[in-house]
Amino acid sequence: MKWTKKAEPAEQPEAELSAYQRAMRNRLLAAPVVPAPEPWRPVFEHTYGVAVGGLLGIGFATHPDSGHDLVMVVSSAGHGLFDAVTGDRIARDRDPDPEGSTPDAVADLSCPGLGLIAGSRVPIAGLFGGGLHTTTGDGWILEVVTPAWPNERVLLSRDGGLPHAGPHAEQWWHIFHSDYSTFRTAGFSPSGQTIAVATSSDLSLWTRRPDDTLVGATGA
């Protein structure tokens, strides 16, 4: 199977930007990556998240017992399932059925669940399309911006979103910069309790649910 990525539009030349656009672009470029604010905390030990070679896309499900958000990862090396509160990898399928190994085979871009969610289907967002939630019911917003194409930056805010006129790290936070791998997708879980960012090589998660276990760090 040949995987392709839709071509990105060319970056708008600096000379064609208005003064307002140039100021906003410069503000985004100047903002360093900072930790997500409370109550958010990183799920994995390392700043880049957990390594997932050949990651194609991710989707959310719910743990049938604990109610934790689960993240299903689809990669060129198979499927994996992570607990989005503890970071534990709780299921792995290195050889999924070829007919369901990637989401592009069906209209809703879903894949068969595994482990605790076997028998269900999980919509997958990433290389083949689809999308995750960009807002939560209590006002958090996640945006993906590209002020210096082709490296995407993920912004978390509670100020209503762009143009982010307030101070960086007080009303909006640049929490992820995809400057080393190809960006796949970013968004909230349907519960609003998890933030996920996926690239072609890594999965990063943040949660606002408390947990007393050690931070997980198992690769896919």
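The structure holds 4 aromatic pairs. Rings of Phe, Tyr and Trp (its six-membered ring) pair if their centres lie within 6.5 Å; planes under 30 degrees apart count as stacked, over 60 as edge-to-face and the rest as tilted. This is a predicted model: local features need pLDDT of at least 70, side-chain atom pairs count only at pLDDT 80 or more, and totals for chains, interfaces and linings use all residues. Residues are numbered from 1 along each chain as its sequence is written, and side-chain values use heavy atoms, with hydrogens and water left out.

Take Phe-44 and Phe-82. Their ring centres are 5.8 Å apart and their planes stand at 85 degrees, so the pair is edge-to-face. Phe-44 lies in the loop between β1 (41–42) and β2 (50–51), and Phe-82 lies in strand β5, so the pair ties together parts that are 38 residues apart in sequence. Helices (H or I, at least four residues) and strands (E, at least two) are DSSP runs, numbered from the N terminus. Both Phe-44 and Phe-82 are buried. Buried means under 20% relative accessible area, exposed over 50%, and partly exposed in between (1.4 Å probe, protein chains only).

Trp-140 and Trp-173 form a tilted pair, 6.1 Å centre to centre with 45 degrees between the planes. This pair also links distant parts of the chain: Trp-140 sits in the loop between β9 (125–126) and β10, Trp-173 in strand β12, 33 residues apart. Trp-140 and Trp-173 are both buried. Ring pairs link Trp-40, Trp-140, Trp-173 and Phe-188 into a cluster.

Two strands pair if DSSP finds at least two bridges between them. Strand β11 (residues 151–157) is joined to β12 by 5 bridges. Arg-153 has His-177 in β12 as its bridge partner.

Contact means heavy atoms within 4.5 Å.

Back to strand β5 (residues 78–83), which holds His-79. His-79 counts as buried because its relative accessibility is 4%. Leaving aside neighbours within four places in sequence, His-79 is in contact with residues including Met-72, Asp-93, Cys-111 and Leu-114.
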